[in-house]
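Student: Hi! I'm new to this one and would like someone to walk me through it. Can we take it piece by piece?
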Amino acid sequence: MAITTSVRDGVALLKWDNPPVNAIASWLPGGLMQALAAQMNDPTISAIILHGAGRCFSAGADIAGFDSPDTGEAGIRALMQALDSATKPVVAALHGYAFGGGLEIALAAQWRVAAPGTRLGLPEINLGLLPGAGGTQRLPRLVGVAKALDMMTSGKPIDAAAALAAGLVECVAAGDLLDDAVAFARSAHVRRVRDLTAAPDPAALQQARTAASDRKLRAPALNAIIDCVEDATSLPFDEGIGREATRFAALLASDASHGLRHAFFAERAVARVPGLPAADATDIARAAVIGAGTMGSGITIALLEAGIAVTLIEQRPEALAAGAGRVRDTIQSLAKRRRISQPVADARIAALGVSTSLDDVATVDIVIEAVFEDLEIKRAVFAELAAKARPDAILASNTSTLDVDRIADAAAGPERVVGLHFFSPANIMRLLEVVRGARTSPLVLARAMALARRIGKVGVVAGVCDGFIGNRMFEEYLRQAYLLLEEGALPAQVDDAMQAWGFALGPLRVMDLAGQDIGWSIRKRRAIEQPERPYSRLPDQICEQGRFGQKTGAGFYLYPDGRKPLADPEIDALVMEYSATLGLVRRAISDDEITERCALALINEGAKLLGDGIAARPLDIDQVWLHGYGFPAERGGPMFYADQIGLPQVLARLQALSGGREGWAFQPAPLIETLVAEGRNFGSLNS
Ligand code: T1G
């Protein structure tokens with residue numbers, strides 16, 4: 001970690017090196033200010049270039065330092081002032097990416113030269129923050145209000161070509177970046193971005209405010225950004241900077257930002273599974289997917305998008321044609337929408353093979369089975385796959401609830417069997433539960449996790465139990481939703497309350513989307529296997545009417561346009577009748593009761609999963625719920641949220657609710673009692 005200075009043609013090049021992403025650690029601004037001052041005072045130096053070592057200019061402020069006493073942003077601001085008072089041209093030479101505080105340093109420089117393909121962005125909104133080192137005041141002055149708002153409220157980076165077009169950089173290097181930057185610096189004059197003006201754009205501000213109003217838990221950070229940009233058009237620079245700092249400090253202390261920062265590091269930590277050998281999946285070139293249904297075709301697309309050739313195998317020719325058709329159409333539509341180029345689309349479609357015979361698994365590196373969710377069918381398929389596939393091929397099952405060990409039992413070489421539980425639509429949803437069977441070899445598990453990273457998924461290791469991590473918790477979450485309906489709530493109230501609380505979609509709408517028939521067959525199986533855990537018969541009554549959700553045009557809701565849920569008075573009446581059949585007097589139920597019971601059900605079952613060793617760390621559970629179930633990232637995940645409430649409070653509420661109707665569902669998990677007794681929290685189990 002260092003700052004080094006070199007000189008070329010009278011131009012000083014100040015380089016910082018803080019691997020892996022040149023995060024602006026607390027020592028960096030001070031060191032850079034010293035180096036800057038030295039060059040300012042050196043009469044032989046005509047201009048200064050700032051650049052980063054390694055893979056990028058800088059990924060921004062050190063997020064890990066935000067919870068320490070010195071959060072580092074005061075140092076960054078002092079550096080900005082030093083750059084603003086530069087008496088010689090200062091040029092930022094950008095490569096790889098310049099994000100957050102990194103781009104803000106570049107904005108405080110007078111000029112920016114970027115290597116082709118460099119990504120430039122202010123992604124602070126993804127952390128529930130705003131660009132707190134002058135970005136909200138300088139960016140609008142360079143690129144205008146509308147573009148600045150778009151970059152800061154979306155958090156999405158732009159590339160060097162777009163940055164040049166927007167006026168964010170003055171030059172995209174044609175040759176060597178530093179050579180071009182030196183040439184640029186030698187002909188440049190002193191100019192400060194802070195002296196530029198940002199023209200008012202009330203329409204863009206209003207549009208951004210309207211968009212922010214729908215973003216629930218992210219709205220405070222979005223509105224703070226919009227307020228700052230408005231200030232940039234109306235207030236003197238230093239006053240705008242002052243207000244930016246105040247708003248930044250408030251957001252930094254917010255629960256939403258704590259949740260999002262936890263999610264940032266949890267997403268990286270979840271890939272590090274203690275005790276697994278190092279492994280990669282770059283050598284997986286060919287795959288076979290068994291079953292051309294919705295999941296099979298989605299999985300096939302995800303693999304093709306990662307450059308893996310796929311043979312889609314389905315014994316029924318018409319189903320095979322339909323599945324392969326879905327794959328091709330999806331890829332073609334990406335090309336039509338210019339998300340990928342036509343040559344890339346053609347190459348992916350060319351890498352798709354189809355077959356009606358399992359013989360065609362003989363040469364592949366991995367087989368992913370996605371046939372009907374029936375144990376005996378899957379066992380038969382695995383017995384055949386094990387006989388026909390290469391002995392070193394990975395055999396994976398996309399089962400969402402079934403016992404992976406029972407499936408592996410049927411296969412010769414069970415150590416190569418692993419669960420790969422994709423979430424629908426499999427080419428979109430980022431979560432992949434990687435299910436470790438009792439005999440799954442550590443190498444196969446490590447390669448499966450590496451494959452998850454390669455296909456752009458968040459892989460989370462789960463042990464074998466009914467529903468693994470996500471669906472086992474979802475069952476308890478749903479249980480509370482149904483009980484609340486029995487006691488006095490109606491479907492729209494339950495879903496609206498959970499969506500206002502931050503979920504992408506409420507539980508009953510999720511079940512209508514996923515298909516009520518799938519839930520029904522799982523409930524029927526569980527009623528036999530787990531008679532001691534009675535469940536509400538309400539959803540069965542809906543299924544008995546053939547209302548399987550979106551796909552049948554009706555479930556808990558009506559879907560006149562096939563997509564948008566419409567409350568159905570018939571279902572409200574059915575819910576009220578059902579309460580009567582249970583002898584229940586319906587009562588008024590508050591949204592707070594709904595969100596509390598649903599959240600506590602998740603937390604309690606999550607704690608049981610940790611106790612059973614199905615999930616290794618609370619952060620694993622958090623990542624499952626953020627990337628698979630639309631849990632609000634601003635709350636960090638169910639287990640992080642429990643720590644924000646405080647485990648003693650969680651335990652007290654569970655104990656209180658366990659005394660109520662169907663209270664057994666809230667019997668506190670032993671782990672929660674232990675942690676409270678020891679004065680610890682879930683966070684203490686993440687390291
Ligand atoms: N701070 C601390 N650590 C960081 C970091 C950062 N900004 N960025 C990455 N890391 C760590 C990461 O945890 C991982 O560690 C390793 O670097 C490699 O990252 C004042 C307030 C840059 C696109 O939001 O988006 O500036 O797991 O695995 O896939 O206004 O990291 O190996 O121990 O992600 O190649 C704004 C966040 C900060 C960018 C690289 N900046 N980073 O992706 O590698 S707030 C961001 C990323 C700010 C100012 C404000 C990505 C990346 P480990 P990686 P990657």
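Student: What is the span of helix H8, from its first C-alpha to its last?
Tutor: Keep in mind that we are looking at a predicted model. In it, helix H8 covers residues 202–213, 12 residues in total, and reaches 17 Å from the first C-alpha to the last. That is close to the 16 Å expected at 1.5 Å a residue.

Student: And which residues of H8 are buried?
Tutor: Ala204, Leu205, Ala208 and Ala212 are the buried ones. Looking down the axis of H8, you would find the buried residues within an arc of 100°, so they line one face of the helix.

Student: What do those buried residues of H8 pack against?
Tutor: Their packing partners are helix H5 (145–154) and helix H9 (219–234). On the other side of H8, the exposed residues are Pro202, Ala203, Gln207 and Ser213.

Student: What's going on with phi at lysine 216?
Tutor: Lysine 216 has a positive phi of about 35°, although it is not a glycine. You'll find lysine 216 in the loop between H8 and H9, and at 35% relative accessibility it counts as partly exposed.

Student: Where is glutamate 662, the other one I was wondering about?
Tutor: Glutamate 662 sits in the loop between helix H27 (647–657) and helix H28 (670–677). Its phi is near 50°, again a positive value in a residue other than glycine. With a relative accessible area of 31%, glutamate 662 is partly exposed.

Student: New topic: charges. How many salt bridges are there?
Tutor: The count comes to 49 salt bridges. One of them joins the side chains of arginine 597 and glutamate 487, at 2.9 Å from N to O. Arginine 597 belongs to helix H24 (residues 591–612) and glutamate 487 to helix H18 (residues 470–487), so this pair ties together parts that are 110 residues apart in sequence.

Student: Are those two buried or exposed?
Tutor: Both count as buried: arginine 597 has 5% relative accessibility, and glutamate 487 has 8%.

Student: Which residue does arginine 509 pair with?
Tutor: Arginine 509 meets aspartate 496 in a salt bridge, 3.0 Å from N to O. Arginine 509 is in helix H20 (residues 507–514) and aspartate 496 in helix H19 (residues 491–500), 13 residues apart. Arginine 509 is buried, with a relative accessible area of 11%, while aspartate 496 is partly exposed at 41%.

Student: Now the ligand. How many residues surround it?
Tutor: There are 26 residues around the ligand, and the closest are Ala59, Gly101, Glu104, Arg268 and Arg272. In the side chain of arginine 55, an N or O atom is 2.8 Å from an oxygen atom of the ligand. Alanine 61 uses a backbone N or O atom instead, 2.9 Å from a ligand oxygen, and glycine 132 likewise has a backbone N or O atom 2.9 Å from an oxygen of the ligand.

Student: And serine 257, where does that belong?
Tutor: Serine 257 is in helix H11 (residues 255–269), and at 0% relative accessibility it counts as buried. A polar atom of the serine 257 side chain lies 2.7 Å from the backbone oxygen of leucine 127. Leaving out residues up to four places away in sequence, serine 257 touches Leu127, Gly128, Leu129, Leu251 and Leu252.

Student: Last one: which residues does the cis peptide bond with an omega of about 10° join?
Tutor: That bond joins proline 19 and proline 20. Proline 20 is in the loop between strand E2 (11–17) and helix H1 (27–40). Another cis peptide bond joins serine 424 and proline 425, with omega about -5°, and proline 425 lies in the loop between strand E15 (417–422) and strand E16 (431–435).

Technical notes
Residues are numbered from 1 along each chain as its sequence is written. This is a predicted model: local features need pLDDT of at least 70, side-chain atom pairs count only at pLDDT 80 or more; totals for chains, interfaces and linings use all residues. Side-chain values use heavy atoms; hydrogens and water are left out. A salt bridge is a side-chain nitrogen of Lys or Arg within 4 Å of a carboxyl oxygen of Asp or Glu. Helices (H or I, at least four residues) and strands (E, at least two) are DSSP runs, numbered from the N terminus. Buried means under 20% relative accessible area, exposed over 50%, partly exposed in between (1.4 Å probe, protein chains only). The expected span of a helix is 1.5 Å times one less than its number of residues. The arc is that of the directions from the helix axis to the C-beta atoms. Contact means heavy atoms within 4.5 Å. A residue is near a molecule or strand if one of its heavy atoms lies within 4 Å of it. A polar contact is a pair of N or O atoms within 3.5 Å; within protein, one must be able to donate a hydrogen and the other to accept it, and residues adjacent in sequence count only if both atoms are side-chain atoms.
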